[in-house]
Amino acid sequence: MTGSMRSSRGVVFRRAASLHAGGWVIALLIWAAGTFAGTGAESGGGLQTTEGWAFRPVVRPEVPGGSAARGRNPVDLFVEARLAARGLKPNPPASPRELVRRLYFDLIGLPPSPETTRNFEQHHSPADWAALVDRLLSSPQYGERWARHWLDVVRFAQSNGYERDGEKPYAWRYRDYVIGAFNQDKPYNRFVREQIAGDEIAASMFASGVEGATNGWPEAITATGFLRLGVMDDEPDDKLQATFDALDDIVSTTGSAFLGLTLGCARCHDHKFDPIPQKDYYSLLAFFRGLRLSTQAAATLDSDTLAPLAPPDEVARWQEGHQRGIAALEAKLAGTREESARKGVETELARLKGEALPFPMALAAREVGGEPPAVHVLSRGNPRSPGIEVRPAFPGVLGGGEPSIPSRGTNGSTSGRRRALANWVAGASNPLTARVLVNRVWHEHFGRGIVRTTTDFGRAGARASHPELLDWLASEFVEGGWSIKALHRMILTSETWKRSSHTGNEAARAADPGNELLWRQNLRRLDAESLRDSILAISGNLNLAPGGRGFFPHLSGEVLAGGSRPGTDWEVSSFPEECRRSVYTYVRRTSMVPMMEVFDYSNLSSPLGERPVTTVAPQALLFLNDAFVQRESGIFAARLTGDLEEGGRVRAPAPGLAGRLGRKGGREELIRRGWVLATGRAPSPRETGVAVQFLERQIERFRQAASRESFRPDVPDTLSTPFFSRLPPEQFLVGPSQGWSYARGRWPREYEGNKNMEPGRGPFALRESEPFLDGRVECLLEPEPACDRFSLLLRTESVEGVDLGYELALDPKSGACELIRRAGAETSEVLGSVRHPVPAGTPFPVRVELAGARIRAWVGTVEGAGPVLDVVDPAPRLKPGRVGVRAWGAGLHVDSLHAVSPDARELIPVMRRDDDALARAALESFCLMLLNLNELAYVD
């Protein structure tokens, strides 16, 4: 046994002595595999690995093929050399339609227009392809697409997490910074430096006068929002522990995002797999120890989390003038004796002290100033068990050494430590930074990286499938000025990327079923954002407005009910805002939008390099039933018929739509146009025939339910007061957009910022008609199986959102039928009650006759049977009102609702959809079917 092997064995057994029983097994396996060699952790030199290819310097390999391959894309030469060694041939290129669709989703996350697809099918030379790649790389939508990938890696969200999950003010500026960086093709090494130490870079720019020559300092400051994005407890039980949790989040995310290392594994002990001793972890943590880490987010000049986006001299001038104004008012107040005059000065003084800063603000890094606190190696990661003190230093496995750090930052407000770290991470000699980024870009273009574990290049991660190709791309990336767009061009112009995803290549499939050798492209499902954005683009409703705080998507009652204070800090966005790209969704950690979550949206709490791709039943159920998808299906149908106005407003169907669907030519034209918009291709004759049959069936089904109207509650029984006030009444109970008015119901109780609904007095809707006093009201009611309680409202008016009048209330679970008089907001009386079967999930007739003080009700009875309730009100409400409905727990369907007067005059006619409206409804169903096609959700 050699000396080095004896040393390695000694290191393993000394380390194993501090491990639990399971650690012995790990240590022995590591020793048996010969993983570690060289000096141990206690020597401070780091551990060297014989398998740690990623820790070795990037050496540019020779491109296979030599001079004979001149003029070909090196990516293809590396891949084809591996295939040839196995005697395999790659797939041919994909079709022009497949290629253009693949390119659009890869680069901008949106489908190509039918015109773009058709043009490329006609002109698809290599020059045409290169021009199309450049056009998309120059599109503003490119940055929006690729920023989303980066936001996953840096655990972007706009809230702190934990129970209150308060907002991180101005976090959106970081998102917009990332979008801008990709669109500008900001060199990646600068992109890295700005996120780790942008405030120190900006300070240096100010000190040297560079700010006059460039406007980059606001971006540099905004970039440090990266350090503030993690989960933060705004009221920790243990503040010291919370501080080191926050530092661990920063160190771990820095390691995963930039270096592809799981540094956080060394917080409590030496890394179990990689040569990273605990001492190296705390030496890295020391670079960040000077950061302020509280969640105090007031927009002040001394904020812990917010920084003004203004030059220091401008801030100083404003601050000096502001303080002079305060001092002058305080002196004036001291010399004022008359009471009314004092009150005026006090008011002005309070206004001035509370005056908002006149500068834009950004979530950004702020330091404590002076020398940062000392950092010690913490036993088992416990901040109350400090060990040896460490200074900022780089990991031994990556060369080690302590950086040269000035005693104070350039402008005296920062330590300068992070800038030293940023220069090391983004240095050309760092063996990991370029490899990790190149691999991440490759992952997004092929569905998996050359190293599948994009955030773990260590021993526990996957081995590189094409290590020479990875190193060639990394060296090319650095030598080319760290340009991500140039990297895209290299990959996207390769034959490897253009290959068909079809699996008919029998020899290759048998030899390489997992496609490790890249003989074909990988079939990929769209992510949640691309799915949602595609639906908006197909419907013609996509709003491409960029930037800003973001929009608040609609949250259903089921989602709202999951919070301790439902709706807290949530707002209601306008319809155009809700149609913006998904990257601008307001991202709150505890309020995930179901459509995003069910399609494997980012986890928001830790770096995510590869989103899981699942195929589960709720995805299909959501796409059929989600309110957003159904709304966009209606807008899509209006686009097909020419009834879509600017801004997404849908007109009533133009006269003659039923005739168009009835004619073979008109019907097939609508089918063809819808199919082309959804998939980029015309339907086959078989598909057209299936679609025709579907439309015919849907028209008939809608004709059978031509007078049906549906209502469903869409809020829980508790809402935060601000959200309650913002939410329009029609979103409390969702129903027909025409012919009805909506009200919130009675929410009298307020506790700890929440409004609470009075049971039985929830949201309701009133039919828009002339009020009447007496008459006969008839309809068919069908409560959904989960409906708890529903009502027919009679002689009712809405006063400040509360119903006054009579209510026939039905409870399917208990079978209770009650007639209630609502004489005031707080005055209700049950006039009659009876137990009577109330079916759920089945339509049944209801008839109510009103004649002065007498009210009779028939519920589910056959013709000729007596009423289940026959009441004479001793204190009748003899005031004309309208008919309405109320539902709670689940939806209620109302069919053939009408009312007639005692003299047989029609008071409320049955609302029936005409043939054109039925045709529109059928076409909406067809559009919903198109949005559910697998072809829309997958890129081949």
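**Exercise 1. How many helices and strands does the secondary structure of the chain come to?**

Solution. Before counting, a word on the model: it is predicted, so local features need pLDDT of at least 70 and side-chain atom pairs count only at pLDDT 80 or more, while totals for chains, interfaces and linings use all residues. Residues are numbered from 1 along each chain as its sequence is written, and side-chain values use heavy atoms, with hydrogens and water left out.

Now the count. Helices (H or I, at least four residues) and strands (E, at least two) are DSSP runs, numbered from the N terminus. The chain comes to 32 helices and 26 strands.

**Exercise 2. Work out what share of the chain is buried.**

Solution. Start with the cut-offs: buried is under 20% relative accessible area, exposed is over 50%, and partly exposed is in between (1.4 Å probe, protein chains only). As for extent, the C-alpha atoms fill a box of roughly 110 × 90 × 60 Å along the principal axes.

**Exercise 3. Describe how the rings of Phe78 and Trp472 pair up, and what the pair ties together.**

Solution. Step one is the rule: rings of Phe, Tyr and Trp (its six-membered ring) pair if their centres lie within 6.5 Å, and planes under 30 degrees apart are stacked, over 60 edge-to-face, the rest tilted. The structure holds 31 such aromatic pairs.

Step two is the geometry. The centres of Phe78 and Trp472 are 6.2 Å apart with planes at 50 degrees, so this pair is tilted.

Step three is the location. Phe78 sits in helix H3 (residues 74-85) and Trp472 in helix H17 (residues 467-479), so the pair ties together parts 394 residues apart in sequence.

Step four is burial: Phe78 is buried at 7% relative accessible area, and Trp472 is buried too, at 4%.

**Exercise 4. Which ring does Arg102 lie over?**

Solution. A charge sits over a ring if NZ of Lys or CZ of Arg is within 6 Å of the ring centre and within 35 degrees of the ring normal. Arg102 lies over the face of Trp497, 5.3 Å from the ring centre.
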